[in-house]
Amino acid sequence: MAVTVLDPETALIVVDLQKGIVGQAMAHPTDVVVARAARLAAVFRAHALPVVLVTVHGGAPGRSEQRRNFSDRPADWAELVPELKPQTGDYRVGKRTWGAFTGTGLEGLLRAQGVTQVVIAGIATSIGVESTARQAHELQFNVTLACDAMTDFSREAHDHSVQRIFPRLGETATTEEIVARLAQRAS
């Protein structure tokens, strides 16, 4: 893992750290993942950098072999976990697909802020996080993935994304490496 630089206009995108997803069985402890994502959010806010909090509210239309029914979810299923401490200045994005850019206006929001790089964290590594990273890469954002601030439903899926896919989409780093790069920029 090695993040070389963070652009002057870098945004944090936190994917699907919501009550209904964090409460499911994951490969890594979700409380640790949430704590690291919350640390990143606090540091980005302290540096006056954009924080984007993404939640999923449904699924894309179309047939699939593993269709999920979103109509039987508890009322608070899509609520962000309180540990993220959402702030008034944070951007909130609701999505209905795996990636955070499709049909959400996120690209326009980031471009209007002059953002050239995104740091991505969240759940699930091989689904929402990877899809968002692929889209960001295709949209020509520089991509950094906070690999210790994400998890998946299976360790194999998480490891595959981190080891095989993410190095092709951008740079990988730990939460503390990203925090250190932000501190270097400020000095």
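Predicted model: local features only at pLDDT ≥ 70, side-chain atom pairs only at ≥ 80, totals over all residues.

User: Which peptide bond is cis here?

Analyst: The bond from Ile123 to Ala124 is cis, with omega near -5°. Ala124 is placed in the loop between β4 (117–123) and α4 (125–138).

User: Which residue takes a positive phi just after α2?

Analyst: Ala48 does so, with a phi of about 55°, although Ala48 is not a glycine. Ala48 belongs to the loop between α2 (30–46) and β2 (51–56). Its relative accessible area is 68%, so Ala48 counts as exposed, the cut-off being over 50%.

User: Where is Lys85 placed, and is Lys85 buried or exposed?

Analyst: Lys85 lies in the loop between β2 and β3 (91–95). With a relative accessible area of 57%, Lys85 is exposed. Phi of Lys85 is also positive, near 45°.

User: How does the span of α2 agree with its number of residues?

Analyst: At 1.5 Å a residue, the 17 residues of α2 should span 24 Å. The end C-alpha atoms of α2 are 24 Å apart, which agrees.

User: Which residues of α2 are buried, and what do they pack against?

Analyst: The buried residues include Thr30, Val33, Leu40 and Phe44. The buried residues of α2 pack against β1 (10–15), α1 (19–22), β2, β4, β5 (142–151) and α6 (175–186).

Terms used. Residues numbered from 1 in each chain as written. Heavy atoms only, no water. Helix = DSSP H or I, 4+ residues; strand = E, 2+ residues; numbered from the N terminus. Buried < 20%, exposed > 50% of the residue type's maximum accessible area, 1.4 Å probe, protein only. Expected span 1.5 Å × (residues − 1). Contact = heavy atoms within 4.5 Å.
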